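Today I opened my notebook to look at a sheet and its surroundings. Come along and keep the picture in view.

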Amino acid sequence: MSLSKATVLAASITNDSLARREINEPVVIATTVFIGYDLPWRQVHQLLLEAAATTTCISQELPFVLQTSLNGFLISYELNA
């Protein structure tokens, strides 16, 4: 998937590394994924938490998963780490 220059320029960009230096506290990053209803939610939670565990610089005390919406064909899961 490629992004056009206009998409990048129109997007909101946050420098989280700067925020962490200023407040000297961990920064929580959230990312949303959409998964079909055919996958059990426990398996989705486990896979997302495993992905966070294998990512460098992620605190293992914090990661958690939220189900944010039930859509027509997909469930929205939010990984916070």
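I first wrote down a term: contact means heavy atoms within 4.5 Å. I work on a predicted model, where local features need pLDDT of at least 70, side-chain atom pairs count only at pLDDT 80 or more, and totals for chains, interfaces and linings use all residues. Residues are numbered from 1 along each chain as its sequence is written, and side-chain values use heavy atoms, with hydrogens and water left out.

**Entry 1: the sheet.** Helices (H or I, at least four residues) and strands (E, at least two) are DSSP runs, numbered from the N terminus. Two strands pair if DSSP finds at least two bridges between them. I found an open sheet of three strands, ordered β1-β3-β2 with antiparallel pairing. β1 and β2 are at the edges with a single partner strand each, so one side of each has no neighbour in the sheet.

**Entry 2: the pairings.** I looked up β1 (residues 30-36) and found seven bridges to β3. Val-33 has Tyr-77 as its bridge partner in β3. Six bridges join β2 (residues 64-70) to β3, and a hairpin links these two through three residues.

**Entry 3: the helix.** α3 lies across β1, β2 and β3, at about 30° to β3. For such angles, axes are lines fitted to C-alpha atoms, for helices over the stretch in contact, and angles run from 0 to 180 degrees between N-to-C directions.

**Entry 4: burial.** Is β3 mostly covered or open? Six of its seven residues are buried, meaning under 20% relative accessible area, with exposed over 50% and partly exposed in between (1.4 Å probe, protein chains only).
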